[in-house]
Amino acid sequence: MSEDEIGIDTTDSTNCGFVAIVGRPNVGKSTLMNRILGQKLSITSRRPQTTRHQIMGVKTVAGIQTIYVDTPGMHQMQRDRNRAINQFMNQAAAQALRDVDCVVFIIDRDRWTDEDDIVLERLASVSAPVIAVVNKVDRMKDKSALLPWLSSLSQKREFAAILPVSARHGTQVEELEAEVTRHLPSNVHFFPEDQVTNRSERFLAAELVREKVMRQLGDELPYQMTVEIEQFSDEGSIIHIHALLLVERAGQKKILIGENGQRLKKIGSEARIDMERAFDSKVMLKLWVKVRSGWSDDARALKSLGYDLD
């Protein structure tokens with residue numbers, strides 16, 4: 001993290017540290033962080049690779065400050081999706097493992113895949129303690145299979161702990177937080193007590209629009225669409241936000257707008273409701289759709305759109 005974000009807390013006997021939340025796509029990393037923080041910071045959907053950026057979520061309780069880093073899912077590069085944006089997401093996830101104090105490795109029930117092996121391989125060089133979290137246990141049909149599965153997981157590497165949880169329902173999440181706290185070093189707090197993320201409201205606004213697109217549209221379009229906030233002006237009683245939705249092809253623009261603009265209107269309406277809740281203010285939201293061919297496979301275009309590693 002950058003030094004200029006540091007706000008010193010001089011309270012005696014404080015603990016503070018960074019915790020990376022990693023795993024393959026769609027295992028519930030963002031849902032877990034939102035549950036821990038008690039509010040929505042990371043967008044979620046049922047589609048893999050919804051999270052594209054590192055997002056810090058800060059939780060401060062008494063003398064303990066835990067800085068969780070939500071990450072994009074580590075995934076296999078595919079021939080038809082071997083784009084610069086996929087490389088960016090894998091790099092962002094790997095970068096989060098640098099200099100953390102603890103790692104939470106999330107697995108989807110007993111569904112071990114080749115992409116879990118990729119994550120496990122990345123963790124081989126990590127010296128920080130790694131906690132294995134078996135998420136979505138509420139959806140396991142055969143509960144008797146859980147204990148043997150936890151036992152087999154322990155053979156894959158030396159974990160600091162292995163915990164079954166349900167991030168969606170909050171089951172065993174407090175136990176996970178207690179385990180994470182055990183690994184936080186004595187340190188001053190890096191963020192003020194009331195700060196919950198390192199991301200700006202402008203960033204969160206873009207993510208909320210993208211979430212509505214991810215949830216409403218088919219498999220292909222969400223991966224070739226991004227959101228750029230062109231205007232974010234807080235005028236006291238109301239926040240004016242202008243968001244540009246970029247797609248790759250004219251046909252995608254047509255799909256996104258929908259018949260008589262109805263789909264875009266629904267996306268905007270749902271995003272605005274979430275923004276008003278997040279910013280505690282009335283929001284006027286305007287959306288535009290524009291075609292910019294090749295943006296998702298152009299490193300310079302990605303950087304200009306905020307896909308930039310520190």
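The protein contains 9 helices and 9 strands. Its radius of gyration is 20 Å, close to the 19 Å given by the globule rule for 310 residues, so the protein is as compact as a globular protein of that length. The structure is a predicted model, and every value below is computed from it.

**Overall dimensions and packing**

- The C-alpha trace of the protein extends over about 55 × 45 × 35 Å along its principal axes.
- Of the 310 residues in the protein, 51% are buried.
- Among contacts in the protein with a separation of 6 or more, 72% are made by residues 24 or more positions apart.

**Surface and charge**

- The protein has an accessible surface of about 15200 Å². Carbon and sulfur atoms account for 45% of that surface.
- Side chains in the protein include 42 that are positive and 44 that are negative. The centres of these two sets are 9 Å apart.

**Met214**

- Met214 is part of helix α6, which covers residues 201-216.
- The relative accessibility of Met214 is 1%; because residues under 20% count as buried, Met214 is classed as buried.
- Between Met214 and Cys16 there are 198 residues of separation in sequence, and their C-alpha atoms lie 34 Å apart in space.

Notes:
Residues are numbered from 1 along each chain as its sequence is written. This is a predicted model: local features need pLDDT of at least 70, side-chain atom pairs count only at pLDDT 80 or more; totals for chains, interfaces and linings use all residues. Side-chain values use heavy atoms; hydrogens and water are left out. Helices (H or I, at least four residues) and strands (E, at least two) are DSSP runs, numbered from the N terminus. The radius of gyration is taken over C-alpha atoms; the globule rule is 2.2 Å times the number of residues to the power 0.38. Buried means under 20% relative accessible area, exposed over 50%, partly exposed in between (1.4 Å probe, protein chains only). Contact means heavy atoms within 4.5 Å. Accessible areas come from the Shrake-Rupley method with a 1.4 Å probe; for residues, only the protein chains shown count as cover. Lys and Arg count as positive and Asp and Glu as negative; His and the chain ends are not counted. The place of a charge is taken as NZ of Lys, CZ of Arg, CG of Asp or CD of Glu.
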